[in-house]
Amino acid sequence: MTVDPNAATQSWPPPEPERGPGAARYLIPALVAAAVAVALGAYGKVHDPAGTAFNLAGFSSTGAVKSWLATVAIFFALVQLVSALMMYGKLPGPRWSATAHRWSGRVAFLVAVPVAVHCLYALGFQSYESRVLWHSLLGCFFFGVFSAKMLLLRSERLPGWLLPIVGGLVFSALTILWLTSALWFFRTFGVTT
């Protein structure tokens with residue numbers, strides 16, 4: 001029997017095959033999303049609404065401030081949608097569409113935070129009519145799914161369909177939030193500042 005000195009050696013027992021991160025890379029963002037949504041809803045429900053959280057000079061009411069900030073957020077969310085379609089090759093676009101996507105998302109989120117703070121602190125989680133209930137539920141859902149999206153962005157080897165689905169959920173929730181708040185405000189009280 002001859003032995004080839006250049007042959008690869010084997011160890012005993014044979015090594016186990018390498019495993020990827022598995023389901024944890026999906027489960028952890030989902031659990032964080034649920035925790036954020038439930039925590040916001042619970043805080044909004046047990047907190048005694050203060051009636052107002054902030055007001056800006058030049059606006060007639062906190063409702064007007066909230067509605068205009070939400071409108072700015074939905075505008076940048078639309079920029080997010082268009083730039084995402086460019087990034088995924090569904091629309092033609094410039095090379096800087098990824099940069100536009102990141103920055104428009106940052107601006108939309110930063111503008112949405114004071115709106116959420118006002119909703120939670122000044123109004124709380126309300127359910128006295130279906131529009132308000134949906135708004136409260138989707139507000140909590142929005143920040144939960146947004147948290148999941150931010151965690152998933154840092155994950156490697158995600159399926160190509162996952163981020164567009166989660167991003168679509170973020171966009172859809174924000175759109176319905178805008179419809180149930182800012183659009184309702186503008187239709188009820190007029191487009192005022």
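A residue is called buried when its relative accessible area is under 20%, exposed when that area is over 50%, and partly exposed in between, as calculated with a 1.4 Å probe on protein chains only. The structure described here is a predicted model, in which local features need a pLDDT of at least 70 and side-chain atom pairs count only at pLDDT 80 or more, whereas totals for chains, interfaces and linings use all residues. Residues are numbered from 1 along each chain as its sequence is written, and side-chain values use heavy atoms, with hydrogens and water left out.

The protein chain contains five helices and zero strands, where helices (H or I, at least four residues) and strands (E, at least two) are DSSP runs numbered from the N terminus. Along the sequence, the pattern of the protein chain reads α-α-α-α-α. Of its 193 residues, 33% count as buried. Contact means heavy atoms within 4.5 Å, and among the contacts in the protein chain between residues at least 6 apart in sequence, 74% join residues at least 24 apart.

The packing of the helices is described by axes, which are lines fitted to C-alpha atoms, for helices over the stretch in contact, with angles from 0 to 180 degrees between N-to-C directions. Angles under 35 degrees count as roughly parallel, those over 145 as roughly antiparallel, those from 65 to 115 as roughly perpendicular, and the rest as oblique. Helix H1 (residues 24-46) packs against H4 at an angle of about 150°, with the two axes 7 Å apart, which makes H1 roughly antiparallel to H4. A crossing is left-handed if the near helix is turned anticlockwise from the far one by less than a right angle, and right-handed if clockwise; H1 passes H4 in a right-handed crossing.

The axes of H4 and H5 come within 9 Å and cross at roughly 150°, so H4 and H5 are roughly antiparallel to each other, and their crossing is left-handed. For H2 and helix H3 (residues 97-123), the packing angle is about 155° and the axes are 8 Å apart; H2 and H3 are therefore roughly antiparallel, and H2 passes H3 in a left-handed crossing.

A salt bridge is a side-chain nitrogen of Lys or Arg within 4 Å of a carboxyl oxygen of Asp or Glu, and a search of the whole structure finds one. It joins Arg-131 to Glu-129, with the closest N and O atoms 3.3 Å apart, and Glu-129 counts as partly exposed at 35% relative accessibility. Lys-66, which lies in helix H2 (residues 62-87), is buried yet has no salt bridge, and the nearest side chain of opposite charge, that of Glu-129, is 12 Å away. In this assignment of charge, Lys and Arg count as positive and Asp and Glu as negative, while His and the chain ends are not counted. Not counting residues up to four places away in sequence, Lys-66 touches Val-115, His-118, Cys-119, Leu-123, His-135 and Ser-181.

Arg-157 is found in the loop between helix H4 (130-153) and helix H5 (162-189), and is exposed, with a relative accessible area of 59%. Its phi is near 55°, a positive value in a residue other than glycine. Most residues other than glycine have a negative phi.
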